[in-house]
Amino acid sequence: MTWLKVIIKFYQFLYRVILVITISLYLIIGLKCLLYYGNNHIDITQYIIQSDKISDSFSGYRIVQLSDLHSKTFGSNQVNLLKKVKHLQPDIIVFTGDLVDGRTKLEGPCFELMKGLVAIAPTYYIYGNHEAILLYDNEKQDFFKKLDEI
């Protein structure tokens, strides 16, 4: 083999390596962007329920239901989520569990959110499986007392 052929083969190999690295980086960046969007996007789904079994006094009644936020923060003092909830003009807000993340036990965002929700409309809350984890943690019993005070 001549030196020219060796150099050509080396550059072909180098081109393939750079191509694989570049494609891999684009895929990793794309996946990170997708995961970030999925973890930070607030999805709103609206349903209109009509039934003869529902009293006319509930005509136009709006219920905002939140669930599974797992101590997630949506802007400073939860402002991004609270703006969206307020914009929906709910008559009541129901939170159906997993306000807190039972593993990280990060409580601050939970209290900020609940204080903001209560200021918008009457708010009702039930425990999820992550709150059940806290029920058995003696150090976290004050979480439930603080939540009740809100």
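Reader: In this model, does Ala132 count as buried, partly exposed or exposed, and what is the reasoning behind that label?

Author: The model is a predicted one, so the label describes computed coordinates. The general idea is that a residue is called buried under 20% relative accessible area and exposed over 50%, with partly exposed in between. Ala132 has a relative accessibility of 29%, and it therefore counts as partly exposed. As for its setting, Ala132 belongs to helix α4, which covers residues 129-135.

Reader: Which residues form the nonpolar patch on the surface, and what is their accessible area together?

Author: The patch is formed by Trp3, Val6, Ile7, Phe10, Tyr11, Leu14 and Ile18, which together have about 750 Å² of accessible area.

Reader: How should I read the angle between two helix axes, and what is the angle for α2 and α3?

Author: The general idea is that an angle under 35 degrees counts as roughly parallel. In this structure α2 and α3 pack at an angle of about 20°, and their axes are 10 Å apart. That angle is why α2 is described as roughly parallel to α3, and the crossing in which α2 passes α3 is right-handed.

Reader: What are the corresponding values for α3 and α5?

Author: Helix α3, residues 108-120, and helix α5, residues 141-149, have axes that come within 10 Å and cross at roughly 15°. The two helices are therefore roughly parallel to each other, and the crossing of α3 and α5 is right-handed.

Reader: Which residues other than glycine have a positive phi, and where are they found?

Author: The general idea is that most residues other than glycine have a negative phi. Among the residues with a positive value here is Asn77, whose phi is about 55° although it is not a glycine; Asn77 is found in the loop between β1 (63-66) and α2 (79-87). Another is Gln78, with a phi near 65°, and Gln78 is likewise placed in the loop between β1 and α2.

Reader: Is Gln78 buried or exposed?

Author: Gln78 counts as buried, because its relative accessibility is 1%, and the cut-off for that label is under 20%.

Key: Residues are numbered from 1 along each chain as its sequence is written. This is a predicted model: local features need pLDDT of at least 70, side-chain atom pairs count only at pLDDT 80 or more; totals for chains, interfaces and linings use all residues. Side-chain values use heavy atoms; hydrogens and water are left out. Patches are made of residues with over 30% relative accessible area and no salt bridge: like charges are joined within 9 Å, nonpolar side chains (Val, Leu, Ile, Met, Phe, Trp, Tyr) within 5 Å. Accessible areas come from the Shrake-Rupley method with a 1.4 Å probe; for residues, only the protein chains shown count as cover. A salt bridge is a side-chain nitrogen of Lys or Arg within 4 Å of a carboxyl oxygen of Asp or Glu. Helices (H or I, at least four residues) and strands (E, at least two) are DSSP runs, numbered from the N terminus. Buried means under 20% relative accessible area, exposed over 50%, partly exposed in between (1.4 Å probe, protein chains only). Axes are lines fitted to C-alpha atoms, for helices over the stretch in contact, and angles run from 0 to 180 degrees between N-to-C directions. Angles under 35 degrees count as roughly parallel, over 145 as roughly antiparallel, 65 to 115 as roughly perpendicular and the rest as oblique. A crossing is left-handed if the near helix is turned anticlockwise from the far one by less than a right angle, and right-handed if clockwise.
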